[in-house]
Every structure is written in structure tokens, then in C-alpha cells.
Amino acid sequence: MKTKSIYHPQTKLLIEERDFEFWGLSLLEVRKYTYNERGKLLEVNHSDGSENWISTRKYFYNFRNQLYSETLKEKATNLEERSFYLYDDFGRVIKVLGELNNGHQYLHEFSYNDKGERINGLKAKLIPDSDLQDKYKKLRTLQKTDEIVKNGFMYSHDRVGISTKLKDKLAQAFESLKQDNQNPIIIAQLRDQSCEINVYLIAKYPNEELYEGIIENEEFAHTRHLAAIPISNIEALEVVEVPTKPFRARPFLDDGVKRMPQ
């Protein structure tokens with residue numbers, strides 16, 4: 001068996017080729033590993049020498065660079081699986097929620113001794129009474145609000161994206177939004193761990209988990225719009241608060257303030 005590895009630093013791609021024999025046949029297996037700028041593994045593509053797809057595994061990370069979700073697709077078995085990870089305050093995995101494309105959902109729970117060593121793991125079957133991601137969000141909201149230091153800044157946040165303190169501040173800003181909805185003040189910025197998605201928030205609507213703001217990514221970087229953004233959309237982006245000073249929206253928007261269709 002021979003293995004050859006080629007790494008492309010500019011594209012963060014590692015290609016691993018393996019020659020082997022099976023029942024007298026010479027076969028080639030190829031795995032392509034894609035990494036992000038922080039060196040975290042993003043995707044593993046498994047194929048044969050003819051580039052026929054065998055399986056794909058993808059990894060997604062939160063702002064702490066912790067693996068929070070993983071997906072797997074296998075061609076031969078037609079298997080599709082996705083999972084979500086929850087961590088304790090020491091960065092250790094304590095729960096893994098998973099789901100297969102046959103509707104089966106499961107929960108792994110882990111505990112640790114005083115030395116930090118994993119001592120057991122319990123697996124239970126979940127009743128598929130709701131979407132797996134909804135169950136994941138409910139478990140996350142049970143974890144306490146905490147403060148962490150990241151790149152020299154102190155973040156105080158709920159683990160769902162927006163801190164209670166910021167939520168109150170945005171609620172108070174709704175009156176200002178009503179008085180000036182053409183050039184309101186952006187008072188908060190949130191960003192995902194890849195620094196590719198930014199959310200700019202202006203105010204929170206009364207009695208609703210709905211926020212006035214702007215979502216900016218590659219698709220919308222040149223066509224920014226004010227929009228009413230549901231909290232579920234913000235949570236799904238896995239964003240964290242970024243220290244920023246308030247500023248007016250109009251200069252920030254291309255071609256003036258626009259409204260996205262409701």
C-alpha cells in the first residue's frame with residue numbers, strides 16, 4: 001500500500017492518494033481535506049481514482065472555534081447524518097445530538113472525572129417530535145449567560161447570539177427608530193467566526209423576537225438593505241457581538257435606505 005499527500009497552502013487543500021490491492025485488483029482511493037484560515041477542517045471528500053464520489057463529511061464551527069455541527073453523506077448506503085455538539089464551561093463535549101435521514105434521532109451524553117477524563121457515555125433514542133436544530137437551540141438556551149475573553153475583548157452573551165443587555169438596549173431604541181426610519185442609528189454589530197457574515201442591529205420590535213437591521217455577506221455586500229430580521233435567522237448564523245461605536249445607517253447603505261419585501 002502506498003500513500004501520497006499533496007498540500008496546497010493557498011487553497012488550504014490537502015489531497016491524499018492511497019494505492020492498495022483488493023482481491024487481486026489494484027485500486028486508488030482519494031481523500032481531499034479542506035481547511036479554513038484557522039487550520040480547522042471544513043470538509044473531507046472521499047472518492048476513487050476516477051473521481052467517483054463515495055462520501056462527504058462537512059464540519060461547522062462556532063465563534064469559539066469549537067465544532068458545533070457535522071454532516072455526513074455516503075453514496076453506497078444512501079446515508080445522511082447530521083449532528084450538533086454542546087460543550088461545558090471547560091470546552092468539553094457533554095452532549096451530541098444526531099439525526100439520520102431515516103428520521104432516527106439520538107442523544108449522546110458524556111461526563112468527566114476530576115482529572116478531566118471522560119468516564120462514560122450514554123446513548124438514548126430521541127422521539128422525532130421536532131426538528132433536531134430546534135432541540136439543539138433549546139438545550140443551548142438552558143446554558144447560563146457567561147463572559148469570555150476573545151482577542152482581547154470581553155464578550156457578555158447568551159449562547160444564542162444576542163446578550164440580554166444588548167436585547168434591552170435594542171428594545172429601548174425602537175422609539176428612536178419610529179422617529180427616524182430613514183437614517184436610523186446602528187447600535188450593534190455581530191459577526192460569525194469566519195468573519196464572512198456581519199449583522200448590524202438598530203432596534204428590537206416590541207413584544208416580538210424581531211429586529212430591525214442589516215445582514216451582510218458576500219451576496220449582499222454591495223446591496224445592503226434594512227430589514228426586519230427574526231431572531232431565529234440571527235441564531236442560525238452563530239454570530240457573536242463585536243465591540244463597535246454607534247453610527248448612522250444612511251452612509252453605510254448603497255444608494256440610500258431600501259426596504260426588503262416583507
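Start with Ser47: leaving out neighbours within four places in sequence, this residue is in contact (heavy atoms within 4.5 Å) with Leu28, Glu29, Val30, Asn52, Trp53 and Ile54. Ser47 sits in strand 4 (residues 41–48). Ser47 counts as buried because its relative accessibility is 8%. The cut-offs are under 20% relative accessible area for buried, over 50% for exposed, and partly exposed in between, using a 1.4 Å probe and protein chains only.

Keep in mind that this is a predicted model, where local features need pLDDT of at least 70 and side-chain atom pairs count only at pLDDT 80 or more, while totals for chains, interfaces and linings use all residues. Residues are numbered from 1 along each chain as its sequence is written, and side-chain values use heavy atoms, with hydrogens and water left out.

**Overall picture**

The protein has four helices and 19 strands, and 40% of its 262 residues count as buried. Its accessible surface comes to about 15900 Å², with 51% of that belonging to carbon and sulfur atoms; areas come from the Shrake-Rupley method with a 1.4 Å probe, and for residues only the protein chains shown count as cover.

How far can you trust it? The mean pLDDT (the predictor's confidence in each residue, from 0 to 100) is 76, and 75% of residues reach 70 or more. Confidence is lowest in strand 12 (residues 153–157), at a mean of 37, and highest in strand 13 (residues 185–186), at 92. Over residues 143–160 the pLDDT is below 50, though the model still gives this stretch 47 contacts beyond near neighbours in sequence. Residues 255–262 also stay under 50, with 16 contacts beyond four places in sequence. Where pLDDT is low, the predicted coordinates should not be read in detail.

Now to an open sheet of five strands, ordered 17-16-15-14-18 with antiparallel pairing. Strand 17 and strand 18 (239–242) are at the edges with a single partner strand each, so one side of each has no neighbour in the sheet. The twist averages 45° from one strand to the next.

| Strand pair | Bridges |
|---|---|
| Strand 14 (residues 188–192) and strand 15 | four bridges |
| Strand 15 (residues 198–204) and strand 16 | six bridges |
| Strand 16 and strand 17 (residues 227–230) | four bridges |

At residue level, Arg191 has Asn198 in strand 15 as its bridge partner, Ala203 stands opposite Glu212 in strand 16, and Tyr211 is partnered by Ile229 in strand 17. The hairpin of strand 15 and strand 16 has five residues between the strands, and Asn207 there takes a positive phi near 60°. Strand 16 (residues 210–216) is largely enclosed by the rest of the structure, because six of its seven residues are buried.

**Helix 2 across the sheet**

Helix 2 lies across strand 14, strand 15, strand 16 and strand 18, running at about 55° to strand 15. Axes are lines fitted to C-alpha atoms, for helices over the stretch in contact, and angles run from 0 to 180 degrees between N-to-C directions.

Lys167 is in this helix (residues 164–172) and counts as partly exposed because its relative accessibility is 26%. Beyond four places in sequence, Lys167 touches Ile162, Lys204, Glu209 and Tyr211. Lys167 and Glu209 are 42 residues apart in sequence, with their C-alpha atoms 9.7 Å apart in space.

Methods. Helices (H or I, at least four residues) and strands (E, at least two) are DSSP runs, numbered from the N terminus. Two strands pair if DSSP finds at least two bridges between them.
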